[in-house]
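Please keep the sequence and the structure in view while reading.

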Amino acid sequence: MENLTGGTPPVRYLPCVVPCKLYFTVRKIREGEREKLISSGFSLPEKTADENILVGIFDDEIIGFACHDYSDGQIYDNIVVNVFVSEGYRRKGYGTELFYAVCRLIDTRKYDILSDKVFDDGSGSPGMGFAASLNAEDWQALYLMEYTGEPYRNIDESHIIPYRDEFFDELDRIKYEAWQPLGADYGFKLHVGSEETRREWNDDKANAFVYMLDGKPVALASCGTDSHMHGLFVSPKCSGRGIGKLLVQYCTNEVFRRGYKKATLSVLSRNPAMRIYEKLGFRICGTEHYYRVKAGNIVCGIENNGK
């Protein structure tokens, strides 16, 4: 066969048993490629540093990425890793290669659990196959719940005020006390006094509200910037007084005051607070499944957005 110039096209030899992987490579992201990824529809976490991002290249085209969120101010004893591969290139092993490549960027000696988070909205998720490929065991579930009813009426707002930085030390200690039993149940640790937590709370202070009792902060909750509420905790010394319920109602009403038609939150499946949310009218609308692999002294928390 001849080409348009009259010559014989060169023969391209493929000395590989699996040619689909012959031209797949992994490297660090380069200047300008972050914007290209985002404009192409990749869900790249906004705050992830470029040094923590790897891209997958197939025949000179970026077809996926993997990144981790490790920083010097870790709040929990896990690292979240995002893995994403374009739809036409899934189930070919590229996501797995990206995952292991990004794990090599992390100092894994401090960790001993490998976890995979897969979102399921009821229609199934290709990420389930990713978890299966790691021989991961079912670990926990995080329920996404939503409320679409009427604003709550006749709630006592007299003890609720906006968050201030002066409350940080006391509330950080209370958060540890409140969440520590649940963390022990699921096998993750919490750290007190993180400057990263302090920055996050200050950045979110327009959305965060504190319950005051006898002049002291005893609970916190945030209505979020996009109708998704988060960060609720109440001092164990004040449990049973309805403070958590009141903060959820207050934040839900704040979401509606900002023009949203529904309020959402996430709750671990074994968190007793789930019963409160259900009584308030919240319903499960999605589930994030967590899987884990014991790997000696290796751990990463992995968020899989579709392998």
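## Basis of the report

The model is predicted: local features need pLDDT of at least 70 and side-chain atom pairs count only at pLDDT 80 or more, while totals for chains, interfaces and linings use all residues. Residues are numbered from 1 along each chain as its sequence is written, and side-chain values use heavy atoms, with hydrogens and water left out.

## The chain as a whole

The secondary structure of the protein chain consists of seven helices and 13 strands. Helices (H or I, at least four residues) and strands (E, at least two) are DSSP runs, numbered from the N terminus. The chain has 307 residues, of which 45% count as buried. Here buried means under 20% relative accessible area, exposed means over 50%, and partly exposed lies in between (1.4 Å probe, protein chains only).

Among contacts (heavy atoms within 4.5 Å) between residues at least 6 apart in sequence, 72% join residues at least 24 apart.

## Strand E9 and its neighbours

Strand E9 (residues 216–222) is largely enclosed by the rest of the structure, because six of its seven residues are buried. Two strands pair if DSSP finds at least two bridges between them. Strand E8 (residues 208–213) runs antiparallel to E9 and is joined to E9 by six bridges; Val210 has Leu220 in E9 as its bridge partner. Two residues separate E8 and E9 in their hairpin, and Asp214 in the turn has a positive phi of about 55°.

On E9 and strand E10 (residues 228–234), three bridges are found, and these strands also run antiparallel. Ala219 has Val234 in E10 as its bridge partner. The hairpin of E9 and E10 has five residues between the strands, where Gly224 takes a positive phi near 75°. Ser235 lies in the loop between E10 and helix H6 (243–257). With a relative accessible area of 6%, Ser235 is buried; beyond residues up to four places away in sequence, Ser235 touches Ile174 and Val218.

## Nonpolar cores

A nonpolar core is a set of buried Ala, Val, Leu, Ile, Met, Phe, Trp, Tyr and Cys residues joined through side-chain atoms within 4.5 Å. The largest one has 30 residues, and Tyr211, Met229, Tyr277 and Phe282 touch the most other members. Two or more residues each come from strand E6 (137–147), E8, E9, H6, strand E11 (263–268) and helix H7 (273–279). The most are given by H6, with eight residues. A second, separate core has 15 residues, including Leu54, Phe58, Val81 and Ile106.

## Aromatic pairs

A pair of aromatic rings is described by the distance of the centres and the angle of the planes. Rings of Phe, Tyr and Trp (its six-membered ring) pair if their centres lie within 6.5 Å; planes under 30 degrees apart count as stacked, over 60 as edge-to-face and the rest as tilted. The whole structure holds 14 aromatic pairs. In one of them, the rings of Phe58 and Tyr94 have centres 6.0 Å apart and planes at 50°, so the pair is tilted. Phe58 lies in strand E2 and Tyr94 in helix H2, so this pair ties together parts that are 36 residues apart in sequence. Phe58 is buried at 17% relative accessibility, and Tyr94 is buried at 1%.

The rings of Trp201 and Phe233 have centres 6.0 Å apart and planes at 25°, so that pair is stacked. It links Trp201 in helix H5 (residues 195–203) with Phe233 in strand E10, 32 residues apart. Tyr147, Tyr152, Phe256, Tyr277 and Phe282 form one aromatic cluster.

## Individual residues

Arg34 is placed in helix H1 (residues 33–39) and counts as buried, at 15% relative accessibility. The side chain of Arg34 reaches the backbone oxygen of Thr48 at 2.3 Å, a polar contact (a pair of N or O atoms within 3.5 Å; within protein, one must be able to donate a hydrogen and the other to accept it, and residues adjacent in sequence count only if both atoms are side-chain atoms).

Most residues other than glycine have a negative phi. Asp60, however, has a positive phi of about 70°, and Arg91 has one of about 60°. Asp60 is exposed at 79% relative accessibility, and Arg91 is exposed at 67%.
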